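Open the structure in your viewer and keep the selection panel handy.

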Amino acid sequence: MATVNKTSVRVITRLIEMGITTEKAVTSLELKDALAIPGITVADLHAVCELQAAIKSRKLFEFFVEASKDEKKEE
């Protein structure tokens with residue numbers, strides 16, 4: 001069974017706190033801007049990249065879902 005990806009939720013929360021509230025703002029976010037987010041980690045930066053890709057491919061819902069171990073094996 002899939003669960004909510006907590007890293008994704010944390011990243012979205014931080015982006016909103018930084019005033020980044022639209023898909024356009026997220027997709028235009030550059031590395032230097034992401035590095036300015038207080039307390040950002042490497043995992044968070046990876047999640048920002050995944051979020052940008054999810055927006056571009058119109059698979060935003062999948063960004064928030066963490067696949068179970070069984071689902072990961074099938075991929």
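Start by selecting E23 and whatever surrounds it: leaving out residues up to four places away in sequence, E23 touches I55 and L60. Keep in mind as you look around that this is a predicted model. E23 itself belongs to helix 2, residues 23-27. Is E23 buried, partly exposed or exposed? With a relative accessibility of 47%, E23 counts as partly exposed.

**Into the core**

Next, select V11, L15, I20, V26, L29 and L51. These have the most contacts inside the largest nonpolar core, which has 14 residues. Helix 1 (6-17) and helix 4 (42-56) each supply at least two residues of this core, and helix 4 gives the most, with six. As general background, nonpolar side chains tend to be buried together in soluble globular proteins.

Stay on L51 for a moment and show its contacts. Beyond the neighbours within four places in sequence, L51 is in contact with I12, L15, V26, L60 and F63.

**Where two helices cross**

Now show helix 1 and helix 4 as cartoons. Their axes come within 9 Å and cross at roughly 85 degrees. An angle from 65 to 115 degrees counts as roughly perpendicular, and helix 1 and helix 4 are therefore described that way. To see the contact, select T7, R10, V11, I12, R14 and L15 on helix 1, then A43, D44, A47, V48 and L51 on helix 4. By class, this contact has seven nonpolar, one polar and three charged residues.

**The charged trio**

How many salt bridges does a search of the whole structure find? There are two. Zoom in on R10 and D44, whose side chains meet in a salt bridge at 2.8 Å, N to O. R10 lies in helix 1 and D44 in helix 4, so this pair ties together parts that are 34 residues apart in sequence. Together, R10, R14 and D44 are joined into one network through shared partners. Colour by accessibility here: D44 is buried at 0%, while R10 is partly exposed at 34% and R14 is partly exposed at 22%.

**Last stop**

Finally, select N5, in the loop between strand 1 (3-4) and helix 1. N5 is buried, with a relative accessible area of 15%. Not counting residues up to four places away in sequence, N5 touches F63, F64, V65 and E66.

Terms used. Residues numbered from 1 in each chain as written. Predicted model: local features only at pLDDT ≥ 70, side-chain atom pairs only at ≥ 80, totals over all residues. Heavy atoms only, no water. Core = buried A, V, L, I, M, F, W, Y, C linked by side-chain atoms within 4.5 Å. Buried < 20%, exposed > 50% of the residue type's maximum accessible area, 1.4 Å probe, protein only. Helix = DSSP H or I, 4+ residues; strand = E, 2+ residues; numbered from the N terminus. Contact = heavy atoms within 4.5 Å. Axes fitted to C-alpha atoms, helices over the stretch in contact; angles between N-to-C directions. Parallel < 35°, antiparallel > 145°, perpendicular 65-115°, else oblique. Nonpolar A, V, L, I, M, F, W, Y, C, P; charged D, E, K, R; others polar. Salt bridge = Lys/Arg side-chain N within 4 Å of Asp/Glu carboxyl O.
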